[in-house]
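Work through the following exercises with the sequence and the model side by side.

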Amino acid sequence: MRAGTRPTCFARTTALAVLLLITGSAGLRAQTRSAPDPGLLERLQTYASRYAETITSVVAHEHFVQSVTFARSAPKSMELRADALMLRLPGEPQPVWFRDVYEVDGRKVRDRDERLFRLLELPAAGRLDAARRIAAESARYNLGRVPRTTNVPDLVFDYLLAPAGHLGLTVSGEATIDRQRVMVLKFVEKGSPSIVRSPAGRDVQARGRIWIAADTAAVIRSEVILGDMQANNTTPVDFAEDPRLPVRVPARLDERYRAPGELGRGIATYSDVRVFGVATTEQIRKPPPAAVRP
């Protein structure tokens, strides 16, 4: 099975239930109509690779508010707080994303930070099983009847780092974000198997947009759309600068999904971004303590 392929109704094939697997070999194919400049494609590939390398040294706190409206039952909502990070695990060619929920609707479900740091300090051989358990536990807090593991902020990089020919890109125009003029690219997934698969193993082809700085190709905003007219999921994500890092980090995710009989939305914000170091022995050093919330 190719790395990066995952089942759901918006889920993935990875040993960790709510993890995002970034595929290894980068390659974008420009479409002939309104094709991006080859130099821009090269800068975008370089930036995506740098993001994947950098984000494995970052941990953040995620505040995730979900709500679901049903056709025949009362609406539901839930407020989560979690540790969020990318982690390299034995047997996985690239980092995987996961969230470790520590608070649900204001109720503490575990000690903040401590389990995460215990995981990071485990020998590599034991890290995978521990991460599996954490991921499976956190997946229980996704609202709605649609099982989905794509509500993570790094999803667009799965497509940017897919093998050559897997993605088609066209220039859509320009836009202004926070007073910065940016280039807008549209993408369509072409390869099979697709990055996201249905529970039955069928391809779920993605499409979407990417807002980038033309000079550096830094990803400033992304939007990934999955599904069809009956069931679909749209996930826009904003990325913010961090003076300590060479790439932008997730700042806000706004998930919207529609399925027969239900509409869902989830807004996640990311704060307390911390950087930890990895020595040559692969012994992970803890990041500094998080800022105290008011």
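**Exercise 1. Charged pairs**

Task: Determine whether D242 is buried or exposed, and find which side chain meets that of D242 in a salt bridge.

Solution: Start with the cut-offs, by which buried means under 20% relative accessible area, exposed over 50%, and partly exposed in between (1.4 Å probe, protein chains only). D242 has a relative accessibility of 10% and therefore counts as buried. Next, apply the criterion for a salt bridge, namely a side-chain nitrogen of Lys or Arg within 4 Å of a carboxyl oxygen of Asp or Glu. The side chain of D242 meets that of R244 in such a bridge, at 2.8 Å from N to O, and R244 is partly exposed, with a relative accessible area of 47%.

The model is a predicted one, in which local features need pLDDT of at least 70 and side-chain atom pairs count only at pLDDT 80 or more, whereas totals for chains, interfaces and linings use all residues. Residues are numbered from 1 along each chain as its sequence is written, and side-chain values use heavy atoms, with hydrogens and water left out.

Solution: First, D254 forms a salt bridge with R256, the closest N and O atoms being 3.5 Å apart. D254 counts as buried at 9% relative accessibility, while R256, at 41%, counts as partly exposed. Second, the network links R252, D254, R256 and R265. Third, R181 and E174 form a salt bridge whose closest N and O atoms are 3.3 Å apart, and both R181 and E174 are exposed. The count of salt bridges comes to 12.

**Exercise 2. Aromatic rings**

Task: Classify the ring pairs in which F157 meets Y51 and F239.

Solution: Rings of Phe, Tyr and Trp (its six-membered ring) pair if their centres lie within 6.5 Å, and planes under 30 degrees apart count as stacked, over 60 as edge-to-face and the rest as tilted. The structure holds four aromatic pairs. For Y51 and F157, the ring centres are 3.9 Å apart and the planes stand at 0°, so the pair is stacked. Y51 lies in helix α1 and F157 in helix α4 (residues 155-160), so the pair ties together parts that are 106 residues apart in sequence; here helices (H or I, at least four residues) and strands (E, at least two) are DSSP runs, numbered from the N terminus. For F157 and F239, the centres are 5.9 Å apart and the planes at 90°, so this pair is edge-to-face. Because F239 lies in strand β14 (residues 232-240) and F157 in helix α4, the pair ties together parts that are 82 residues apart in sequence. Y51, F157 and F239 form one aromatic cluster; Y51 and F157 are buried, and F239 is buried as well.

**Exercise 3. The nonpolar core**

Task: Which members of the largest nonpolar core touch the most other members, and which helix gives the most to this core?

Solution: A nonpolar core is a set of buried Ala, Val, Leu, Ile, Met, Phe, Trp, Tyr and Cys residues joined through side-chain atoms within 4.5 Å. The largest has 64 residues, of which F157, Y159, L160, F187, I212 and V219 touch the most other members. Helix α1 (residues 38-54) gives the most to this core, with seven residues. Apart from it lies another core of 10 residues, among them V59, F98, A130 and F276.

**Exercise 4. Strand β16 and its partners**

Task: How many bridges does β16 form with β4 and with β15, and where does D272 lie?

Solution: Two strands pair if DSSP finds at least two bridges between them. Strand β4 (residues 58-70) and strand β16 (residues 262-275) pair in the antiparallel sense over 12 bridges, with V68 opposite G264. On β15 (residues 249-259), the pairing with β16 is likewise antiparallel and runs over eight bridges, with E255 opposite G266. β15 and β16 form a hairpin with two residues between them, and G261 in the turn has a positive phi of about 85°. D272 lies in strand β16 and, although not a glycine, has a positive phi of about 50°; at 19% relative accessibility D272 counts as buried.
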